[in-house]
Amino acid sequence: MSDLLSMVFTADFLGSVIRMSTPILFVALAALVGRKADVLCIAYEGIMLFAAFGGVVGSAYTGTVTGGLLLGILLGMFLIGIFAYFVLYLHTRPLLIGLALNILGSAGTVFGLYILTGSKANSTRLGSLTFPEVHIPLIKDIPVLGTVLSGHNVLTYVAFLSIIIVQIFIYRTGLGLRIRSVGESPEAASSLGIDVNKTKFIALLISGVLASMGGIFLSMAYLPYFTRDMTAGRGFIGIAAESLGGGKPLLTGIWILIFGAADAVGNLAQSFRLPSQFAQMAPYLTTLIGLVLISVVRERKKVNR
Amino acid sequence: MKIKFGQDRVLTSQEIGRRFSILRTALALLLAMGIAILLIFLVSNNPFRDINSLLLGPLSSSNRISQMVNKWIPLLFTGTAVCLFFSVGQINLAAEGAFFAGAFTSTLVAIIGGIPPGLHFILCALAGGVAGAIVCGLPGIMYTKFNVLTVVSSLMINYVVLYLGLFIITNVVRDPAAGYEASYRFQNTARLAELIPGTNVHSGLIIAVLIVVFGYLLLHKSNFGLQMRTIGANSSFARYSGMPVARVIVLSQLLGGFIAGLGGTTEVLGLYNRFGYTGLTNHGWDGIMLAVLARNNPKYIPLAALFLAYLRTSADVLNLTSNVPSEVINIIQAIIISFIAAERFLAGWEYRTIVRNTEKAMSLKEGVANE
């Protein structure tokens, strides 16, 4: 057990926490923007898969990372665009269209993969590109901190920067204010001349871009290729993390690091003969306990007031 | 408002609404089939044969028909379970976990020897049902006690249950002689008998039909069901009129969970001789789709489930006989759900028809008054 503890506090471990947190962070921020517009989208699994697939195909056929990024985001936005149109204009229940799009995301990418490569499992045959790692000058030479903070994929830095960007976007810009107003009180917003559906649509598209980045990270950084259903529930964990963070970007980021740590501890524990199933269970169990604890704390605060 | 006037019978708004919902369904089916045929032409080396198996494959032999019935059975359980969850307004997605929990918990009972037949299955069913009830009850309790969002907690619980189940199967009751990751063999006393000799259809069908009937009677013919639907429609109203809202919510989640768990039990004991799942089975997600298509009324679950079972059997046929990836079926499924669920799809046309009919009705009424 003391071995386990000593391994937890190594630089490599902290580095892996940051790496594993990246895709979930993107989705959680996506869910946060959606929540501000008061739309619960559970389609992030499908959106991430589309984006991950688009990234691989785009980079393989254009030969550039940018091509992958663009096609990935485009496909992700296409899917959330369908979601937004059905929810806002055709009055479809978000849960249902989200469910349908997750099915479409999984089946559509496997179908596309089969057409392009003849394989239903992965895209290794396409020879797609990956995003580079960034070694930050000066910081990389600091002994421990360097290993923790430097040498991550460029998308990881984008993810952590996005916390601040989303914070500023939601609380400091005109569009952010409009999104919050249509989310909190659509009637009031509409009486002020804000087009409620249009604003929600824009919010969802932004949310789609963030989620797509998470998907692209999976197939162009975390792994160098696409595998079927590679999101493995991360879209759902992102929603849960956002819910733990209570709609606050910074708090959400902290929760995601806790998740990442639970995930990484689980992986480590496997080398100490703890059954792998408990390792895989760790992030979900942490969420459940976290949800209860947080709501108990919130209720206490309400009572004290 | 219903006006019957000789030959000029004017449709009421409700009737028009109903016709349009049928039209929406038909158009969704047509659109989905169109896209499916397009996709098949894109990849198939024998498109006409494959389109034929897509449309008629499940009916091509008695073997396939019984296969379809066996796919139908578990959907009746999870569909009914989700109807109960959604009727009280809880978006509980844990039917998936409850089905899995029911399957592995009843496995633990099914491998014990020396219990007389009949009693053995009942014990398995109780174990599976209670496990399912716990899985789906937890999100309900977390919502009523701690105000935790049911969607989120139930999603997380599914994965906790999955890994707990896999742990128990691979570490406690794994049979090394099986040759793959599976439990010890079920005792014959626990397994469900064939319903029709010579086919694979198992007697879980009877339980499934009873469950659907029970679900319908509970929701639409009982006092408890009325409370459930009132809470689902307007929980503040239900609270002010003195209904025990929290208790009804938790009880309905427990009941639905029991049904989903029982579904898991009948599935493994009806079809297999060991527990061999290595992941979640998707029956719970299917149940969600069915409940929504059936508008939370168990009465329509059998029809919706039959349709889904038919599609799934088509997928199996395609898998066996062609080079078309069976994912085509899932794409079709996604398109169909989207359009059936799109309440405002064709709304403009529907609205105009209603207005025109009402005008006609008014003028007829005026005609009567003038006479």
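## Where the two chains meet

Let's start at the meeting place of the two chains: 46 residues of chain B are in contact with 43 residues of chain A. Keep in mind as you look around that this is a predicted model.

Between them, chain B and chain A bury about 4000 Å², and 81% of that area is on carbon and sulfur atoms. On the chain B side, the residues that lose the most area to chain A are B:M156, B:Y163 and B:E327, which together account for 17% of what that side buries.

## Charged and polar links

How many salt bridges are there between chain B and chain A? The count is 2. You can look for a salt bridge between the side chains of A:K120 and B:E327, where N and O are 3.3 Å apart.

## What chain B brings to the contact

Several elements of chain B give two or more residues to the side that touches chain A: α1 (13-43), α5 (119-146), α6 (150-171), α11 (283-293) and α13. Which of them provides the largest share? That is α6(B), with 14 residues.

Sorted by class, the residues on this side of chain B are 33 nonpolar, 10 polar and 3 charged.

## Chain B as a whole

Stepping back, chain B has 14 helices and 0 strands. Its C-alpha atoms fill a box of roughly 85 × 65 × 35 Å along the principal axes.

## A closer look at two helices

Now for a pair of helices inside chain B. Helix α12 (residues 301-321) of chain B packs against helix α13 (residues 327-341) of chain B at an angle of about 155 degrees, and their axes lie 9 Å apart. Angles over 145 degrees count as roughly antiparallel, so α12(B) is roughly antiparallel to α13(B).

From α12(B), the contact is made by B:F307, B:L308, B:L311, B:R312, B:S314, B:A315 and B:L318, while α13(B) brings B:I329, B:N330, B:Q333 and B:I336. By class, this contact has 7 nonpolar, 3 polar and 1 charged residues. Helix α13 of chain B is also one of the elements that give two or more residues to the side touching chain A.

Methods:
Residues numbered from 1 in each chain as written. Chains lettered and ligands numbered in written order. Predicted model: local features only at pLDDT ≥ 70, side-chain atom pairs only at ≥ 80, totals over all residues. Heavy atoms only, no water. Axes fitted to C-alpha atoms, helices over the stretch in contact; angles between N-to-C directions. Helix = DSSP H or I, 4+ residues; strand = E, 2+ residues; numbered from the N terminus. Parallel < 35°, antiparallel > 145°, perpendicular 65-115°, else oblique. Contact = heavy atoms within 4.5 Å. Nonpolar A, V, L, I, M, F, W, Y, C, P; charged D, E, K, R; others polar. Buried area = accessible area lost by both parts, 1.4 Å probe. Salt bridge = Lys/Arg side-chain N within 4 Å of Asp/Glu carboxyl O.
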